[in-house]
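Visitor: Hi! I'd like to go through a structure with you, a bit at a time. Could you bring it up?

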Amino acid sequence: MTKGNSGYTYTGSGTNSQGNHYCSREGNNGGSGYHYSNTNGSYYYQNTNGSTYYNSGSGYSQYTSPSGQVSKSTGK
């Protein structure tokens with residue numbers, strides 16, 4: 001495991017069968033998270049605080065806060 005400088009520890013990484021890169025981590029104060037970087041340019045984060053972030057790679061993004069509030073952007 002590798003200790004991150006942002007309050008979490010990396011627990012694993014690799015590439016899945018679709019060729020998408022992933023990295024998992026655990027928060028130093030509890031909670032777990034991961035991110036995917038996909039071959040189509042999109043990426044997705046599940047953060048250790050429960051929030052998520054998705055970016056399509058072509059202008060659309062969506063953030064969901066730990067409380068469940070959703071914020072979307074079309075990039076226009």
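Visitor: Let's start with tyrosine 54. Is that residue buried or exposed, or something in between?
Guide: Tyrosine 54 counts as partly exposed, because its relative accessibility is 29%, and the cut-offs are under 20% for buried and over 50% for exposed. Keep in mind that this is a predicted model.

Visitor: Good to know. And what about tyrosine 60, how accessible is that one?
Guide: Tyrosine 60 has a relative accessibility of 29%, so it counts as partly exposed.

Visitor: Let's talk rings. How many aromatic pairs does a search of the whole structure find?
Guide: The search turns up six aromatic pairs. One of them is tyrosine 43 with tyrosine 45, an edge-to-face pair with 6.2 Å centre to centre and 90° between the planes. Tyrosine 54 and tyrosine 60 also form a pair, and that one is tilted, with centres 6.4 Å apart and 50° between the planes.

Visitor: Why do you call the pair of tyrosine 54 and tyrosine 60 tilted?
Guide: The angle between the planes is 50°. Planes under 30 degrees apart count as stacked and those over 60 as edge-to-face, so the rest are called tilted.

Visitor: Back to tyrosine 43 and tyrosine 45: how accessible are they?
Guide: Tyrosine 43 is partly exposed at 30% relative accessibility. Tyrosine 45 is also partly exposed, with a relative accessible area of 30%.

Visitor: Which tyrosines do ring pairs link into a cluster?
Guide: The cluster consists of Tyr22, Tyr34, Tyr36 and Tyr44, linked by ring pairs.

Visitor: Switching to strands now. How do strand 6 and strand 7 pair?
Guide: Strand 6, residues 52–55, and strand 7, residues 61–64, run antiparallel and share four bridges. Within that pairing, tyrosine 53 has tyrosine 63 in strand 7 as its bridge partner. Five residues sit between the two strands of this hairpin, and glycine 57 takes a positive phi near 85°.

Visitor: What does strand 7 do with strand 8?
Guide: Strand 7 pairs with strand 8, residues 70–73, in the antiparallel sense over four bridges. These two strands form a hairpin with five residues between them, where glycine 68 in the turn has a positive phi of about 100°.

Visitor: Which residue of strand 8 stands opposite serine 61?
Guide: That would be serine 73. Serine 61 itself belongs to strand 7.

Visitor: Is serine 61 buried or exposed?
Guide: Serine 61 is buried, because its relative accessibility is 12% and the cut-off for buried is under 20%. Leaving aside residues up to four places away in sequence, serine 61 touches Tyr53, Tyr54, Asn55, Ser71, Lys72 and Ser73.

Visitor: Now towards the start of the chain. How are strand 2 and strand 3 arranged?
Guide: Strand 2, residues 8–15, pairs with strand 3, residues 21–27, in the antiparallel sense over seven bridges. Glycine 14 has tyrosine 22 in strand 3 as its bridge partner, and Tyr22 belongs to the ring cluster mentioned above. The hairpin has five residues between the strands, with glycine 19 in the turn at a positive phi of about 85°.

Visitor: Where is threonine 11?
Guide: Threonine 11 is in strand 2 and counts as partly exposed at 36% relative accessibility. Threonine 11 and glycine 33 are 22 residues apart in sequence, with 9.7 Å from C-alpha to C-alpha.

How values were computed
Residues are numbered from 1 along each chain as its sequence is written. This is a predicted model: local features need pLDDT of at least 70, side-chain atom pairs count only at pLDDT 80 or more; totals for chains, interfaces and linings use all residues. Side-chain values use heavy atoms; hydrogens and water are left out. Two strands pair if DSSP finds at least two bridges between them. Buried means under 20% relative accessible area, exposed over 50%, partly exposed in between (1.4 Å probe, protein chains only). Contact means heavy atoms within 4.5 Å. Rings of Phe, Tyr and Trp (its six-membered ring) pair if their centres lie within 6.5 Å; planes under 30 degrees apart count as stacked, over 60 as edge-to-face and the rest as tilted.
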